[in-house]
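This report covers selected features of one structure, grouped by topic. The sequence and structure come first.

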Amino acid sequence: MAFDLIEQLADDAHQLGTQLVLFSGGEAMQHPEWPQAAQRFRQAGIKVWLLTNGLFLTKQAQAVIDHIDMLTVSLDAATPELYQQIRGVDALGVILQGMRVVSDSGVAVSTRTTLMQANYHQMPLIVDTALDAGASSVSFLAVDTVNPYAFGPRFDEVIPLVETNPYGALCEEDLPHFAAILDALEISHAAHFADGRMAESPAKLRRLYDYFAAPYGKATFEPPRCNAPHISAVVNVDGSLQPCYFLPSWGGLDGQSLQQALNDPAARELRHAYKHGERPECARCVCPLYRGPRGLLRGF
């Protein structure tokens with residue numbers, strides 16, 4: 001993203017009373033000026049949250065400590081062997097080291113794990129590994145297998161709900177084992193559910209089971225509660241805008257202010273459609289965001 005666009009977004013976001021900006025990607029820490037961008041938003045009175053795969057975390061730990069309010073590391077395995085299998089690089093050790101350094105400085109560190117067939121069996125070990133590395137909370141979501149818009153174009157068309165596991169979904173024979181893991185986790189990590197280090201409640205984690213089981217007729221997955229398009233927006237590197245990561249772009253800034261773009265007729269139409277259940281992508285969304293009035297007043 002060009003820095004002049006970052007400058008505009010910082011000014012526009014301040015005018016809108018924005019509470020929080022998330023740096024995501026791709027990999028945000030590959031941007032040569034990400035610390036300056038973070039500082040620019042903080043100067044505008046906006047908190048900065050960094051989502052990273054953690055590969056640069058140890059080398060750039062001080063920059064994170066100096067410029068970031070919240071850090072989330074994508075942690076998709078708890079052993080070096082499985083991490084390399086999933087991510088293609090032997091880097092788990094250096095990622096955990098970077099997490100410890102940042103956490104010890106007082107920056108809030110959390111992890112997010114995308115559950116898939118390759119790693120669901122490591123769920124309890126992932127929790128223990130993350131907490132041992134200084135994470136204050138651990139979160140899980142299901143791998144998305146059907147949304148064509150999530151984090152950039154992915155499919156030529158929406159694929160059927162059940163295929164030969166092309167994108168990492170659990171197979172039918174995995175389901176009993178997954179259910180047993182969730183039951184055991186609720187008991188073994190009861191203290192972590194109670195103190196909030198497990199970001200999701202046991203009931204919310206069981207929705208992960210429902211998500212994977214529903215295509216096989218083994219469960220019902222209810223559409224999640226979400227108001228993300230009414231409280232947030234995604235700005236891509238070229239200035240194009242999305243209501244959330246899982247809905248299509250309605251256009252871009254194109255010389256407009258962010259406020260003008262957010263009130264574009266196409267943007268309003270998309271918000272109306274999701275709110276009234278007219279967007280099929282929302283029915284199986286793996287990453288909903290909901291904030292009620294009290295939550296918005298408390299801030300992020």
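Helix α2 spans residues 34-43, and its buried residues are Trp-34, Pro-35, Ala-37, Ala-38, Arg-40 and Phe-41. Buried means under 20% relative accessible area, exposed over 50%, and partly exposed in between (1.4 Å probe, protein chains only). Helices (H or I, at least four residues) and strands (E, at least two) are DSSP runs, numbered from the N terminus.

After α2 comes Gly-45, with a positive phi near 85 degrees.

## Basis and confidence

This is a predicted model, in which local features need pLDDT of at least 70 and side-chain atom pairs count only at pLDDT 80 or more, while totals for chains, interfaces and linings use all residues. Residues are numbered from 1 along each chain as its sequence is written, and side-chain values use heavy atoms, with hydrogens and water left out.

The average pLDDT (the predictor's confidence in each residue, from 0 to 100) is 92 for the chain, and 94% of the residues score at least 70. Over residues 157-164 the pLDDT is below 50, and this stretch has 12 contacts in the model beyond near neighbours in sequence. Contact means heavy atoms within 4.5 Å. Where pLDDT is low, the predicted coordinates should not be read in detail.

## Helices α7 and α9

The axes of α7 (residues 175-188) and α9 (residues 202-213) come within 10 Å and cross at roughly 175 degrees. α7 is therefore roughly antiparallel to α9, a label for angles over 145 degrees. Axes are lines fitted to C-alpha atoms, for helices over the stretch in contact, and angles run from 0 to 180 degrees between N-to-C directions.

Among the residues making the contact are Leu-175, Phe-178 and Leu-182 of α7 and Leu-205, Tyr-209 and Phe-212 of α9.

## Cysteines

The whole structure has 0 disulfides, a disulfide being a pair of cysteine sulfur atoms within 2.5 Å. The sulfur of Cys-282 has its closest cysteine sulfur in Cys-244, 6.4 Å away, too far for a bond. Cys-282 is partly exposed, at 24% relative accessibility.

For Cys-287, the closest cysteine sulfur is in Cys-285, at 6.3 Å, also too far for a bond. Cys-287 is partly exposed at 31% relative accessibility.

Technical notes: Angles under 35 degrees count as roughly parallel, over 145 as roughly antiparallel, 65 to 115 as roughly perpendicular and the rest as oblique.
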